[in-house]
Amino acid sequence: MRRLAGSLGIALAAGLLLGGMTHLAIILAMPTLAGNSAFDRHAAALAPGETRLLAAQQNETAVPFADPAMAMAVCAFDISDAPLRVEAPMPEGFGSLSVHGRDGTVLYSVTDRTAVDGVVTLIVMTRQQHDEALARGRGDDAGSELRFVSPRVQGLVLVRALAAYPSGLPEARERAAAMECLSESD
Amino acid sequence: MPAILCILVAFAIGALTGVTSADWATSGRPPLGALTIGSWVTWPALGGRDVDPYARAITVRSGTLPLGAGEGLEFLAARDDAGRPLQASCSYTVAGAMPAARAWTLTVYDTAGKAYGERAGFTSAEVLRAPNGEAQIVLSRRASPGNWLPLPAIGRFVLALRLYDSPQSADAAAIEPATMPRIIRGDCS
């Protein structure tokens, strides 16, 4: 009887230990395994340079807890070959731009305060591409563009345009969809 | 007990507790790093790169696109000022000061994060204000004059307050509870 209880205790302790390890493994593996991230759902199928509008309420393009007053558009990027150049026209009211990794977490974000002539220009580049651009001495137009050294090679760029009134939503959506994402291969 | 049975029991317990606890920990809101101000909760780390593994797993699993710290601040509320859960069968008044921001929006969601109905929220530009500049927003199933947001027929709901381009987003912990709007419960039916 005592031996049975002893071996059951050992099995229980070993089981809980295994459970803890399984728990940690699942949490850490989730970003690579789950196919439900915003990138997988909205950006993975986009062609290079393609911009897609997202909606807060329509089903296929729905983002949970998205602001219905906000028009949103995304484009996907893969900067392993060349940097990405994003030109996003900003709306009259509030607009912003954010760079997300494949797992959906925010890497970088700016508001329309950084816009020059109503357009936010953002270059997403790797550390190496950034160093090469500096070495080539292309610092002359740096005043009108933002350079972001991305820790991730793949991800998505999201533009938000606020419609202060529901009647302004079509215009805000048009503005968001006008974001251009071009690979800067030269 | 034979050794093989012992090992099988250990593996069964391991798989069961591991999978269920991981599922539980990633199905709701991030368990770490929450900042509570009155009834409002925010996760400042979600807006930047220093995301803990739980918050990362939750972001992946839910498919959300968090608001960046450079863009603004996002607060959620699932409880009223007295700590009671927000129920669609009650009416609520959201009133009081708003923290400084270029624009704010207040939105009603169901618990899965779907915005409710045609009129799910207000922006700071469209609310009617009292002479002192404060806005009072009524949430109820029955229509009411003034700033009114409809609630779903049954169940619980979640409120989101977003502050766009807020000087507070650099240090959300410095926001005083008195500068956040209050959620006051009215009649229930």
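Reader: What makes the space of about 1,100 Å³ a pocket?

Author: A pocket, on a 1 Å grid over the protein atoms alone, is an open set of points with protein on both sides within 12 Å along at least five of seven lines, whereas a cavity is a set where a 1.4 Å probe fits but cannot get out. The largest pocket holds about 1,100 Å³, with volume taken as the space filled by probe spheres set on points joined across faces, edges and corners. Bear in mind that this is a predicted model, where local features need pLDDT of at least 70 and side-chain atom pairs count only at pLDDT 80 or more, while totals for chains, interfaces and linings use all residues. Residues are numbered from 1 along each chain as written, chains are lettered from A and ligands numbered from 1 in the order written, and side-chain values use heavy atoms, without hydrogens and water.

Reader: Which residues lie nearest the centre of the largest pocket, and how do you know what counts as lining?

Author: Lining residues have an atom within 4 Å of a point. For the largest pocket that gives 48 residues, with Phe65(A), Arg29(B), Pro30(B), Trp43(B) and Leu76(B) nearest the centre. In chain B, two or more lining residues come from each of α1 (3-27), β2 (40-42), α2 (53-62), β3 (72-77) and β9 (157-164). Those labels are DSSP runs, helices being H or I of at least four residues and strands E of at least two, numbered from the N terminus.

Reader: How many residues of that lining are nonpolar, polar and charged?

Author: There are 26 nonpolar, 14 polar and eight charged residues in the largest pocket's lining. The classes go by residue type: Ala, Val, Leu, Ile, Met, Phe, Trp, Tyr, Cys and Pro are nonpolar, Asp, Glu, Lys and Arg are charged, and the others, Gly among them, are polar.

Reader: What are the two cavities of 30 Å³ or more lined by?

Author: The largest cavity, about 50 Å³, has residues of both chains in its lining, including Phe65(A), Met72(A), Arg160(A), Leu65(B), Glu74(B) and Arg162(B). That lining has six nonpolar, no polar and four charged residues. The second largest cavity, about 40 Å³, is lined by Val94(B), Ala95(B), Gly96(B), Met98(B), Trp104(B), Ala135(B), Ile137(B) and Pro181(B).

Reader: How do you know which residues are in the contact between chain A and chain B?

Author: Contact means heavy atoms within 4.5 Å. By that rule chain A puts in 62 residues and chain B 59. The buried area, that is, the accessible area (1.4 Å probe) that two parts lose on being put together, summed over both, is about 4,700 Å² here, and carbon and sulfur atoms give 65% of that area. On the chain A side, Ile27(A), Phe65(A) and Val106(A) supply 16% of the area buried against chain B, more than any other three residues.

Reader: Why is the pair Asp112(A) and Arg102(B) called a salt bridge?

Author: The rule asks for a side-chain nitrogen of Lys or Arg within 4 Å of a carboxyl oxygen of Asp or Glu. Asp112(A) and Arg102(B) are 2.7 Å apart, N to O, so the pair meets the definition. Asp112(A) sits in the loop between β5 (106-111) and β6 (119-125) of chain A and Arg102(B) in the loop between β4 and β5 (103-110) of chain B, so the pair joins two chains. Glu71(B) and Arg160(A) also form a salt bridge, at 3.2 Å.

Reader: What makes chain B two domains, and how many salt bridges cross between them?

Author: Domain bounds come from an automatic or database domain assignment, and for chain B that gives domain 1 (1-29) and domain 2 (31-188). Their C-alpha centres are 37 Å apart. The contact uses six residues of domain 1 and seven of domain 2, and about 610 Å² is buried between them. On the domain 1 side, Ala25(B), Thr26(B) and Arg29(B) lose the most area, together 83% of what that side buries. One salt bridge crosses this interface.
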